[in-house]
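I want to look up the charged pairs and then the strand pairing.

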Amino acid sequence: MEFDSYEYQFLMTGIPPGYRFEPTDVELLQDYLWKKVNGEPLPYNIISECEIYGNQDKEPWNVFIETSTETFYVFTKLKKKGKGKNIDRVAGCGTWKGQKTDPIMYEKMKIGNRKLFVYEVKGSNEGVKGHWIMHEFSLVDEEDKQIGDYVVCSIRNKMLKMTLTKRSLR
């Protein structure tokens with residue numbers, strides 16, 4: 001039996017054709033990351049687990065579809081550098097460079113962080129530097145310490161989306 005792409009998407013995720021996955025920050029933390037960290041079943045199989053950090057073939061264009069305008073959502077485990085608190089965000093020939101961190105609030109209480117990263121190729125002054133962006137979502141406790149080893153990331157090719165937008169305006 002052969003499936004078309006819409007039927008395949010529904011079978012794999014449980015989300016019917018025509019629906020878009022555009023969760024809020026709070027939904028990502030409460031409905032997905034919290035359940036992942038605690039081993040509970042997820043509402044849909046839309047967020048896969050993917051190792052995005054590492055030295056070999058972990059550049060975003062090797063892990064994700066380079067020509068897609070979609071945002072990719074993945075669970076990943078953070079890797080600490082040595083025995084310290086610093087996280088190793090090397091990805092192939094580059095690194096995910098932190099830009100800023102924003103708190104995520106729910107009912108006047110901080111429940112997590114959203115960190116913005118851009119992908120930078122080592123030694124590159126042009127090309128893919130900064131074209132890939134990532135928001136990393138993490139859960140925190142009352143003392144602002146991260147809960148669990150997992151984070152959920154939304155990753156997209158910023159330049160492709162900008163190029164397509166410019167083309168449509170012409």
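**Ground rules.** I am working from a predicted model, where local features need pLDDT of at least 70, side-chain atom pairs count only at pLDDT 80 or more, and totals for chains, interfaces and linings use all residues. Residues are numbered from 1 along each chain as its sequence is written, and side-chain values use heavy atoms, with hydrogens and water left out.

**Entry 1, salt bridges.** Side chains of opposite charge can pair when their charged atoms come close. My rule for a salt bridge is a side-chain nitrogen of Lys or Arg within 4 Å of a carboxyl oxygen of Asp or Glu. How many salt bridges does this rule give? I get 8.

I looked up K36 and found it in a salt bridge with E49, with the closest N and O atoms 2.8 Å apart. This pair links distant parts of the chain: K36 sits in helix α2 (residues 25-37) and E49 in strand β1 (residues 48-49), 13 residues apart. Helices (H or I, at least four residues) and strands (E, at least two) are DSSP runs, numbered from the N terminus. For accessibility I call a residue buried under 20% relative accessible area, exposed over 50%, and partly exposed in between (1.4 Å probe, protein chains only). K36 comes out partly exposed at 24%, and E49 is partly exposed at 48%.

Which residues does D102 meet in salt bridges? One is K100, with the closest N and O atoms 3.7 Å apart. Another is R114, at 3.3 Å, N to O. D102 lies in strand β4 (residues 94-106) and R114 in strand β5 (residues 109-121), so this pair ties together parts that are 12 residues apart in sequence. Salt bridges with shared partners join D25, K100, D102 and R114 into one network. I also checked accessibility here: K100 is partly exposed at 48%, D102 at 22% and R114 at 24%.

Why do I note β2 (residues 72-77) as largely enclosed by the rest of the structure? Because 5 of its 6 residues are buried. Two strands pair if DSSP finds at least two bridges between them. β1 and β2 pair in the parallel sense over 2 bridges. E49 turns up again here, standing opposite F75 in β2. β2 also runs antiparallel to strand β7 (residues 150-157), joined by 6 bridges. In β7, I155 is the bridge partner of F72.
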